[in-house]
Amino acid sequence: MSIVNPSDSNNPRHPGGRPTTYTPEIADRICGEIAEGKSLRTICKPDEMPALSTVFLWRRTHQEFSDRYEKAKQDCADAMAEDILAIADDSSMDWAERVDKDGNKYYAIDKDNIQRSRLQVDARKWIAAKLKPNRYGDKVELSGNADSPLKVCINIDLGAGDK
């Protein structure tokens with residue numbers, strides 16, 4: 001039995017590790033995939049990509065990358081809005097083939113798939129609203145006195161006590 005040195009560059013199980021040096025090419029790939037709606041965790045999964053922690057470091061130490069990353073996140077919100085429409089319009093998995101006790105096939109609503117689609121839509125709605133609140137966030141309208149649109153009401157019962 002031989003012992004393999006993990007730092008040995010000839011070791012096929014350890015190809016040299018993930019890239020840690022910032023390059024414009026890797027930055028382009030990361031920002032492009034973020035803009036398409038992919039998560040940073042998914043983007044960083046392949047061995048040829050930097051680790052998540054490395055990308056976080058690059059955001060702190062490379063202002064150009066940080067600015068591009070933030071713009072890509074804004075585009076990501078729009079990509080997620082497109083995903084929402086695609087998920088909502090796709091009914092291909094809403095029905096599942098079942099077999100009754102007599103062996104007859106029939107189709108029934110696949111509630112699990114519909115719930116999964118709802119979860120996917122809700123997650124994307126929430127993220128899009130956080131990334132672009134003016135476009136995808138909830139609108140709040142205040143009415144009444146423009147100088148004091150909110151009024152605090154305190155209801156104190158000074159009655160006879162418990163009845």
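**Close-up views of a predicted model**

In this predicted model, 50% of the contacts in the protein chain with a separation of 6 or more are between residues 24 or more positions apart.

**Figure 1. Overview of the protein chain and its six helices and two strands.** Read from the N terminus, the order of elements is α-α-α-α-β-β-α-α. The chain has 163 residues, of which 23% are buried.

**Figure 2. Packing of helix 3 against helix 4.** Helix 3 covers residues 52-61 and helix 4 covers residues 63-89. Two packed helices are described by the angle between their axes and the distance between the axes. Here the angle is about 110° and the axes lie 5 Å apart. Helix 3 is therefore roughly perpendicular to helix 4, since angles of 65 to 115 degrees fall in that class. On the helix 3 side, the contact is made by Val55, Trp58, Arg59 and Thr61. Helix 4 contributes Gln63, Phe65, Ser66, Tyr69 and Glu70. By residue class, this contact of helix 3 with helix 4 comprises four nonpolar, three polar and two charged residues.

Figure 3. Leaving aside residues up to four places away in sequence, Thr54 touches Pro19 and Thr20.

**Figure 4. The hairpin formed by strand 1 and strand 2.** Strand 1 spans residues 95-99 and strand 2 spans residues 105-109. The two strands run antiparallel and are joined by five bridges. Within this pairing, Glu97 stands opposite Tyr107 of strand 2. Five residues lie between the strands. Gly103, in the turn, has a positive phi of about 90°. In a regular strand the side chains alternate between the two faces of the sheet.

Figure 5. The structure contains zero disulfides.

Methods:
Residues numbered from 1 in each chain as written. Predicted model: local features only at pLDDT ≥ 70, side-chain atom pairs only at ≥ 80, totals over all residues. Heavy atoms only, no water. Disulfide = S-S within 2.5 Å. Axes fitted to C-alpha atoms, helices over the stretch in contact; angles between N-to-C directions. Helix = DSSP H or I, 4+ residues; strand = E, 2+ residues; numbered from the N terminus. Parallel < 35°, antiparallel > 145°, perpendicular 65-115°, else oblique. Contact = heavy atoms within 4.5 Å. Nonpolar A, V, L, I, M, F, W, Y, C, P; charged D, E, K, R; others polar. Pairing = 2+ DSSP bridges. Buried < 20%, exposed > 50% of the residue type's maximum accessible area, 1.4 Å probe, protein only.
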